[in-house]
Amino acid sequence: MRIDKNQINTLNDKALPDHRESFEYISHKLTARDIPVASLIEKIQSFQIAIPSWALGTGGTRFGRFPGGGEPRTLEEKIDDVGLLHALNAGSGAISLHIPWDIPENVAQIKAHAASHNLLFDAVNSNTFQDQPEQQKSYKFGSLCHSDADVRSQAVAHNMEVIRHGEALGSKSLTVWLADGSSFPGQMNFRKALQRTLDSLREIYARMPEDWKMFIEYKPYEPYFYHTVIQDWGTSHLLASQLGERAFTLVDLGHHLPNTNIEQIVATLMMQGKLGGFHFNDSKFGDDDLTVGAMKPYQLFLIFNELVAGMEDNTSKNPYPAWMIDASHNLKDPLEDLLQSVEAIQLAYAQALLVDRKALENAREDNDPVLAQEILQRAFRTDVRPLVAEARMEAGAALDPLAAFRTLSVRENLVRERGKKSMATGL
Ligand SMILES: [Mn+2]
C-alpha cells in the first residue's frame, strides 16, 4: 500500500479550519515573544528520526508474542512500512537495518526502493547477541569479550560484514550493542573482558571506512544480570575515547537504572564532543521499550533541552547526532506506536526550542532555582502541537498522522496484502 498525496490533502482540508485557529493562536503568542515561527517550523521539519527495521512488527516478551497481522515479510516490505510512516508524518525519513535480519539480496533494487519513498539508510546494527544457524562458534559466553580468540575473531568478522552491507546501501555508521556480560559473581574477569572488548573494537575501528563513525551503546543489565561489559556511559566513553575521534557514545533512553539523570549524561557527552547517537523509547522500570513520551514526557523534554543547548553552543564540535527510535513491544499496532513516538520526539524538540536560554542562564548565574523552573516549565507547558502539525502539513504530510492512518485503513490494507499471520523478523 502507498498513500497518495491526494488522500492526505483531502484529510488535511477537512481538519484545516480547526488547525488554522490553533496555529494562529500560538503563532501570535510566539511572535509577541520575538520567537520566529518560520525558523521553528524549519527546524522541526529537518529533524528526521530513523525507524529501526525491527520495530515494524510486534515485539515479544519472553512470555509470548501476539502479532497483529500484516507485518512486513521482507526487507522491501519493511521499507514500505517506513515509507508509509514518512508519507504520514514527513519526520521518519530513514531506516536503520539490523544484520543479519535485513541482509539485502539485491542492493541496487533495495536502494531504488528506499529512494522511491524518500528514505535514507541510517546506522547499521550488528548482532552478536544471538547465534545464527550457520555460525561456527557460540556467543553464549560473550562475543567481542570472549575468552576464546576464535569467537572474538568471528564477532569482529561479523561487524565487518555489517559494515560492508551498510556501505553498499549508503550508511555511514555502525552501532555496536553488546549483550556481553556475566550472570554470576566470579564468572568473568572484569578487566580481561573489558580489555578484550577494547582490542576487538580496535580491530573493527581500524578497518572501518574513513568516513564512517562507530556508535557504542551501553546497558547496565540484561540479558546478563550480574555485570555487563559496557555497563554505562562512562565505560562507553572510555572505549570511544581510546578508539579515536570517529568513535562515539550512543545513549539509549531505556538503558539506564531507574531515576538516572539522563539529561546530565547528554550534557556531559556533548561537552566532550562524544555524543554520537540517540535511541528513543520510554520506560517505567528499565529497558521496557515503550512508546516515546508514554511515561515521562517531562524527562524527554529535559533531555531535549540539553540536546538543543548542546547543538546551539557547540564549542566541542559534537557531530550532529544520529536520531533513532529503539522500541518494540507487544500491545499496540507497531506503526501507530511509531507515529506516536515520532510525534512525542517532535513535540519535546519543539518545546526545547522555546526555552528562553538567555533568561535561563541568567537565572542560573543568579542562583534562582524558582525562576529557572518557571522558564523551563513555561516552555514545557506550551501546547506546541499546532506547530508540529503545521510543519508536517507544509512538508506534504498529514495534519494528524494517527487519524489519517486509521481513516485510510492502513493496517486493514496491509493485512489484506500480506495476510493475517505474517510475522516480521526481529526480537
Ligand atoms: Mn538501543
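Analyst: Start with burial. A residue is buried if 20 or more other C-beta atoms lie within 10 Å of its own, exposed if 12 or fewer, and partly exposed in between. Keep in mind that this is a predicted model.

User: How many other C-beta atoms lie within 10 Å of Asn261?

Analyst: The count for Asn261 is 13, so this residue is partly exposed. Asn261 sits in the loop between strand S9 (247-252) and helix H8 (262-271). Its C-alpha atom is 8.9 Å from that of Gln299, 38 residues apart along the chain.

User: What describes two packed helices?

Analyst: The angle between their axes and the distance between the axes. Here H8 packs with helix H9 (residues 297-312) at about 10°, and the axes are 8 Å apart. H8 is therefore roughly parallel to H9.

User: Which residues of H8 meet H9?

Analyst: From H8 they are Ile262, Glu263, Val266, Ala267 and Met270. Their partners in H9 include Gln299, Leu302, Ile303 and Gly310. By type, the residues of this contact are seven nonpolar, three polar and two charged.

User: What about nonpolar side chains in general?

Analyst: In soluble globular proteins, they tend to be buried together. In this model the largest nonpolar core has 117 residues, and Leu88, Ile95 and Ala350 have the most contacts inside it. Helix H10 (residues 334-353) gives the largest share of this core, twelve residues.

User: What is Ile95 in contact with, leaving aside its neighbours within four places in sequence?

Analyst: Among the contacts of Ile95 are Ala50, Ile51, Val82, Leu119 and Phe121, and also Ser53 and Asp122.

Definitions and conventions
Residues are numbered from 1 along each chain as its sequence is written. This is a predicted model: local features need pLDDT of at least 70, side-chain atom pairs count only at pLDDT 80 or more; totals for chains, interfaces and linings use all residues. Helices (H or I, at least four residues) and strands (E, at least two) are DSSP runs, numbered from the N terminus. Axes are lines fitted to C-alpha atoms, for helices over the stretch in contact, and angles run from 0 to 180 degrees between N-to-C directions. Angles under 35 degrees count as roughly parallel, over 145 as roughly antiparallel, 65 to 115 as roughly perpendicular and the rest as oblique. Two residues are in contact if their C-beta atoms, placed from the backbone, lie within 7 Å. Ala, Val, Leu, Ile, Met, Phe, Trp, Tyr, Cys and Pro count as nonpolar, Asp, Glu, Lys and Arg as charged, and the others, Gly among them, as polar. A nonpolar core is a set of buried Ala, Val, Leu, Ile, Met, Phe, Trp, Tyr and Cys residues joined through C-beta atoms within 7 Å.
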